[in-house]
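Please open the structure in your viewer and keep the selection tool at hand.

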Amino acid sequence: MAQRPRGGALGHRGDPRFGPITRESLERFHDAQLRQDPRVEGMFIVEDLADGRPIGMVDYRDVNPFAGQVTVGITIGERDHWGGGYGSEALRLLLGHLFGACGFRRVELDTWSGNERAVRAFRKLGFVEEGRRRSGVRVGQRWYDSVLFGMLSEEWEQLTDATAG
């Protein structure tokens with residue numbers, strides 16, 4: 001069974017924790033997504049608007065209504081769409097929804113230190129690196145840090161005010 005992506009997988013070799021992907025595991029995964037409670041978690045397909053082809057997904061989970069906190073993840077699985085801004089745009093739209101309509105105070109995500117494209121994209125979106133779990137992710141025979149990023153609602157507001165004005 002495919003594991004849920006835990007954090008960013010924009011580009012370079014994706015997220016190693018996504019697990020083996022088979023048609024059957026993806027069908028089970030997507031069937032489960034259709035039954036989820038949107039107050040607890042949600043997943044959206046990222047499409048190429050030019051042809052409507054699905055190229056990835058963005059999700060939210062680990063909702064903590066008392067702390068006003070939620071975890072997000074992004075995966076662009078189609079290599080020919082890496083570096084095209086699709087993941088950043090999808091994540092920006094999700095952030096607008098989570099901070100705006102849902103009123104979350106904090107959004108976090110994580111990736112592995114070898115996923116340099118995701119690290120750059122998250123920083124460019126306004127996420128702040130908050131910590132690392134050293135050698136927390138194994139890819140092949142190498143160990144990488146797990147990198148935690150966070151964004152607060154007031155940081156999101158500053159970013160959106162700056163781009164609107």
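Begin by selecting Phe122, Phe127 and Phe149, which ring pairs link into a cluster; as you look, bear in mind that this is a predicted model. Across the chain, the count of aromatic pairs comes to 5.

For the next stop, select Phe99 and Trp156, an aromatic pair that is stacked, with 5.9 Å from centre to centre and 25 degrees between the planes. Phe99 belongs to helix α2 (residues 86-99) and Trp156 to helix α4 (residues 153-164), and the pair links distant parts of the chain, since its members are 57 residues apart. With a relative accessible area of 9%, Phe99 is buried, and Trp156 is buried as well, with a relative accessible area of 12%.

Now select Trp112 and Tyr144, an aromatic pair that is edge-to-face, where the centres are 4.8 Å apart and the planes stand at 80 degrees. Because Trp112 lies in strand β5 (residues 106-112) and Tyr144 in strand β7 (residues 142-152), the pair ties together parts that are 32 residues apart in sequence. Are these two residues, Trp112 and Tyr144, buried or exposed? Both Trp112 and Tyr144 are buried.

Finally, show the whole chain as a cartoon and follow its 4 helices and 7 strands, which run β-α-β-β-β-α-β-α-β-β-α from the N terminus on. Of the 165 residues in the chain, 42% are buried, and among contacts with a separation of 6 or more, 55% are between residues 24 or more positions apart.

Key: Residues are numbered from 1 along each chain as its sequence is written. This is a predicted model: local features need pLDDT of at least 70, side-chain atom pairs count only at pLDDT 80 or more; totals for chains, interfaces and linings use all residues. Side-chain values use heavy atoms; hydrogens and water are left out. Helices (H or I, at least four residues) and strands (E, at least two) are DSSP runs, numbered from the N terminus. Buried means under 20% relative accessible area, exposed over 50%, partly exposed in between (1.4 Å probe, protein chains only). Contact means heavy atoms within 4.5 Å. Rings of Phe, Tyr and Trp (its six-membered ring) pair if their centres lie within 6.5 Å; planes under 30 degrees apart count as stacked, over 60 as edge-to-face and the rest as tilted.
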